[in-house]
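Visitor: Hey, I'm new to this one. Could you walk me through a few spots?
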Amino acid sequence: MKVVILAAGSNQRMKGYVSNKSLLKINNIRLIDNLITNFKSNNLNDIFIVTGHNYQEFQKKIIDKNNDINFINNINYKKTNILDSLILALNKLDDDLIISYADIYFKKNLIKKIIKN
């Protein structure tokens, strides 16, 4: 099973606070780090993140802690929507998937329930 995390958005609503919503910290942990950690703790290690807006800075921040993450860059993120980002990922993957937004907070046991169902 693979994981696709959608993080290509232009961050219009949080502009001025953070460059990407998934970099927001809750309890001193970035949302994206929480997702990656909880997916990996459930043995979901094949993780793909679809980037777009500010992708180089975003990827660098993720790779600092997780050098095994796969990135897919949506170069047309300004003109397209989240569905196009998902299609980019689906074109590269042929396995069961869990798809998540990058700015969602999941607890580890919720991911376990998703896998089970």
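Visitor: What follows α1, and what is its phi like?
Guide: α1 is followed by Asn43, whose phi is positive, near 60°. Helices (H or I, at least four residues) and strands (E, at least two) are DSSP runs, numbered from the N terminus. Residues are numbered from 1 along each chain as its sequence is written. This is a predicted model, so local features need pLDDT of at least 70 and side-chain atom pairs count only at pLDDT 80 or more, while totals for chains, interfaces and linings use all residues; side-chain values use heavy atoms, leaving out hydrogens and water.

Visitor: Okay, and why is helix α1 called largely enclosed?
Guide: Because eight of its eleven residues (31–41) are buried. Buried means under 20% relative accessible area, exposed over 50%, partly exposed in between (1.4 Å probe, protein chains only).

Visitor: Which residues of α1 are buried?
Guide: Among them are Leu31, Ile32, Leu35 and Phe39, and also Asp33 and Asn34.

Visitor: New topic: where is Ile99?
Guide: Ile99 sits in strand β6, residues 97–101. At 43% relative accessibility, Ile99 counts as partly exposed.

Visitor: What does Ile99 touch?
Guide: Leaving aside residues up to four places away in sequence, Ile99 touches Val4, Leu6 and Leu86; a contact means heavy atoms within 4.5 Å. Val4 is 95 residues from Ile99 along the chain, yet their C-alpha atoms are separated by 4.8 Å.

Visitor: And Leu83, where does that lie?
Guide: Leu83 lies in helix α3, and at 48% relative accessibility Leu83 is partly exposed.
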